[in-house]
2 protein chains.
Amino acid sequence: MPKDPDPARRSERSRQAILEAARELVSEVGYAKVSIEAIAARAGVGKQTIYRWWRGKGAVVFDAFLALSEAGEGEAGEGGGVTLPDTGDIEADLKTVMRATVAEFADPAFEAPIRALNMEIVSDPELAAQYRERLAGPVDEAKKARLRSAQRAGQLAADVDLDLALELLYAPLYQRWLQRSGPLTPAYADALVDLFLKAMRPS
Amino acid sequence: MPKDPDPARRSERSRQAILEAARELVSEVGYAKVSIEAIAARAGVGKQTIYRWWRGKGAVVFDAFLALSEAGEGEAGEGGGVTLPDTGDIEADLKTVMRATVAEFADPAFEAPIRALNMEIVSDPELAAQYRERLAGPVDEAKKARLRSAQRAGQLAADVDLDLALELLYAPLYQRWLQRSGPLTPAYADALVDLFLKAMRPS
């Protein structure tokens, strides 16, 4: 393709190509076997282009998954963060989010790289710490912000630990997906939200 | 050690040594690198002794974990199955079981081999099917039997899908353990059971 004359646009196109190459390669060969060389070759850029923006493989792979997560899990908020929908109706909002999440995990193109990353996270405590700091942490904060808003509105019990609450909402789906132990359907998402809301009902 | 003159006792001692060797090796080097030769050497038996009782590595490793699970998760019932305590008080019984489960997962000697096995299960669909059939399946049936007994006693809602109910109770603990994302304490077990019982309350 002809070189774009606009440097900013050319830069953004390279960045997107690198992130996509990183995701594809992790999914195809596993995190351990991915190299900066392979990402550069697949993205059609030089290694120096990658090192200009990222300090190494871990950093670029995490940005790749972060971009995927931002596209999937909610809208990008101020400062590039993630936010969850807040229409004021916690049941409708959680069903929207959980149906979308279930659909992502049921989609081979989305779930394969996430599964590859998960394997690495579970067996590599250092990568797990990076994952929590850069990916899971900010997303969990966005989810907790939505639950807090529902607590303030009197829709959820105010005295429940939100780390446990998030586990109650997401871990059943995570386990079912990871262990391939049951169907991932919109009805499943709804049933999970219904049980979660009953557990979290104010007394 | 001198050879026991009683063949049945000698047999049982060999069987236990083989199961223990299998668990230790999976924990130390990972399932993929364990061989029947290594299990036999560690247990101090010949390979033929292992092949007399098991058809291969998968079978002996699963029996090793099954034995661990039976020792940990409840009492052996009729026919070698697993049962959960049933004093008639579902809250007390679940707290007993979940405190014991949390303690096991917080114990490095117990959790290391289970973590090694989990990694294999998640990345190997054939092993996952064996795991469900031989280990998770029977244990889940025992857990569901206890929940059904509580449904009959009117202590839990009768219309909740028990696969989803089991996920709600166990998946938060599974995820917290697998991702090392929070402390595993008796207070955590109790808080999880409290939320679960609230979600499952009859209407």
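**Close-up 1. Salt bridge between Glu167(A) and Arg176(B).** In this predicted model, the side chains of Glu167(A) and Arg176(B) form a salt bridge with an N to O distance of 2.8 Å. A salt bridge here is a side-chain nitrogen of Lys or Arg within 4 Å of a carboxyl oxygen of Asp or Glu. Between chain B and chain A the count is 2 salt bridges. Residues are numbered from 1 along each chain as its sequence is written, and chains are lettered from A in the order in which they are written. Local features need pLDDT of at least 70, side-chain atom pairs count only at pLDDT 80 or more, totals for chains, interfaces and linings use all residues, and side-chain values use heavy atoms, with hydrogens and water left out.

**Close-up 2. The contact between chain B and chain A.** Chain B gives 31 residues to the contact and chain A gives 31 residues; contact means heavy atoms within 4.5 Å. About 3000 Å² is buried between the two chains, and carbon and sulfur atoms give 62% of that area. Buried area is the accessible area (1.4 Å probe) that two parts lose on being put together, summed over both. In chain B, Val122(B), Glu167(B) and Leu195(B) lose the most area to chain A, together 21% of what that side buries.

**Close-up 3. The side of chain B that touches chain A.** There are 13 residue pairs in polar contact between chain B and chain A, both residues at pLDDT 80 or more. A polar contact is a pair of N or O atoms within 3.5 Å; within protein, one must be able to donate a hydrogen and the other to accept it, and residues adjacent in sequence count only if both atoms are side-chain atoms. On this side of chain B, at least two residues each come from α6 (108–123), α7 (125–152), α8 and α9. Helices are DSSP runs (H or I, at least four residues), numbered from the N terminus. The largest share, 11 residues, comes from α8(B).

**Close-up 4. Asn118(B) in helix α6 of chain B**. Asn118(B) counts as buried because its relative accessibility is 5%; buried means under 20% relative accessible area, exposed over 50%, and partly exposed in between (1.4 Å probe, protein chains only). Leaving aside neighbours within four places in sequence, Asn118(B) is in contact with Gln179(A), Tyr174(B), Trp177(B) and Leu178(B). The side chains of Asn118(B) and Tyr174(B) are joined by a polar contact of 2.8 Å.

**Close-up 5. Ala22(A) in helix α1 (residues 7–29) of chain A**. Ala22(A) is buried, at 1% relative accessibility. Apart from neighbours within four places in sequence, Ala22(A) is in contact with Ile39(A) and Ala64(A).

**Close-up 6. Ile39(B) and the largest nonpolar core.** Ile39(A), Phe196(A), Ile39(B) and Phe196(B) touch the most other members among the 140 residues of this core. A nonpolar core is a set of buried Ala, Val, Leu, Ile, Met, Phe, Trp, Tyr and Cys residues joined through side-chain atoms within 4.5 Å. Not counting residues up to four places away in sequence, Ile39(B) touches Ile18(B), Ala21(B), Ala22(B), Leu25(B), Val34(B), Ile50(B) and Val60(B).

**Close-up 7. Arg180(A) in the loop between α8 (162–178) and α9 (186–199) of chain A**. Phi of Arg180(A) is near 50 degrees, a positive value in a residue other than glycine. Arg180(A) is partly exposed, at 39% relative accessibility.
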